[in-house]
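Here is a walk through one chain, with the sequence and coordinates to hand. Open it in your viewer and follow along.

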Amino acid sequence: QVQLVESGGGLVQPGGSLRLSCAAPGSIIRYTMGWYRQAPGKERELVAHIITGRVTNYTDSVKGRFTISTDNAKNTVYLQMNSLKPEDTAVYYCNRYPANIPWGQGTQVTVSS
């Protein structure tokens, strides 16, 4: 069974940075992968996705602040998050895009002073 393992979350002050990592099988990471987030009381939303490790797309609220990337040698997808805002607080998940494999446990990101 495919397993996704997210890490790198934590508590950070507004304006701070975090880098999230997602360990995924090499068989899927080379195609289209996405980072998603779910804030309390809200539906899970797509934040960013990357196609074959090159083409990237972002939701408007994170453009210019977040960067998605992959390292095929390490079978890892990253999400570099800069200039974090309180509204970025959520549990962050990775998955294929569109998401079609079981979700991992996610990693909590809390932006607060």
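Predicted model: local features only at pLDDT ≥ 70, side-chain atom pairs only at ≥ 80, totals over all residues.

**The aromatic cluster**

With that cut-off, Tyr-36 is buried, because its relative accessibility is 7%. Tyr-93 falls on that side of the line too, since its relative accessible area is 11% and so under 20%. Trp-103 has 32% relative accessibility, so it counts as partly exposed.

How do ring pairs link these residues? They join Tyr-36, Tyr-93 and Trp-103 into a cluster. The count comes to two aromatic pairs, listed here:

| Pair | Geometry | Centre to centre | Angle between planes |
|---|---|---|---|
| Tyr-36 and Trp-103 | edge-to-face | 5.1 Å | 90° |
| Tyr-93 and Trp-103 | edge-to-face | 5.7 Å | 75° |

Tyr-36 sits in strand β4 and Trp-103 in the loop between β9 and β10, so their pair ties together parts that are 67 residues apart in sequence. The other partner, Tyr-93, belongs to strand β9, so its pair with Trp-103 ties together parts that are ten residues apart in sequence.

**The disulfide**

The structure holds one disulfide. Cys-22 and Cys-94 form it, with their sulfur atoms 1.8 Å apart. It links distant parts of the chain: Cys-22 is in strand β3 and Cys-94 in strand β9, 72 residues apart. Why is this disulfide called right-handed? Because the torsion about the S-S bond of Cys-22 and Cys-94 is about 45°.

Are the two cysteines buried or exposed? Cys-22 counts as buried because its relative accessibility is 0%, and Cys-94 counts as buried at 0% as well.

In soluble globular proteins, nonpolar side chains tend to be buried together. Here, the largest nonpolar core has 27 residues, and those with the most contacts inside it are Trp-35, Phe-66, Leu-79, Met-81 and Tyr-92.

Phe-66 is worth a click. Setting aside neighbours within four places in sequence, its contacts include Val-47, Tyr-58, Leu-79, Met-81, Leu-84 and Tyr-92.

Asp-88 lies in the loop between β8 and β9, and it counts as buried because its relative accessibility is 1%. Leaving out neighbours within four places in sequence, Asp-88 is in contact with Arg-37, Arg-65, Phe-66, Ser-83, Val-109 and Val-111.

**The four-stranded sheet**

Now for the strand layout. An open sheet of four strands runs in the order β1-β3-β8-β7, with antiparallel pairing. Its edge strands are β1 (5–7) and β7, each of which pairs on one side only. Direction ignored, neighbouring strands of this sheet are turned by 15° against each other on average.

Which strand does β7 pair with, and over how many bridges? Its partner is β8, in the antiparallel sense, over six bridges. For a spot to look at in that pairing, find Ser-69, which stands opposite Tyr-78 in β8.

Key: Residues numbered from 1 in each chain as written. Heavy atoms only, no water. Core = buried A, V, L, I, M, F, W, Y, C linked by side-chain atoms within 4.5 Å. Buried < 20%, exposed > 50% of the residue type's maximum accessible area, 1.4 Å probe, protein only. Contact = heavy atoms within 4.5 Å. Pairing = 2+ DSSP bridges. Helix = DSSP H or I, 4+ residues; strand = E, 2+ residues; numbered from the N terminus. Axes fitted to C-alpha atoms, helices over the stretch in contact; angles between N-to-C directions. Disulfide = S-S within 2.5 Å. Phe/Tyr/Trp six-rings, centres within 6.5 Å; stacked < 30°, edge-to-face > 60°.
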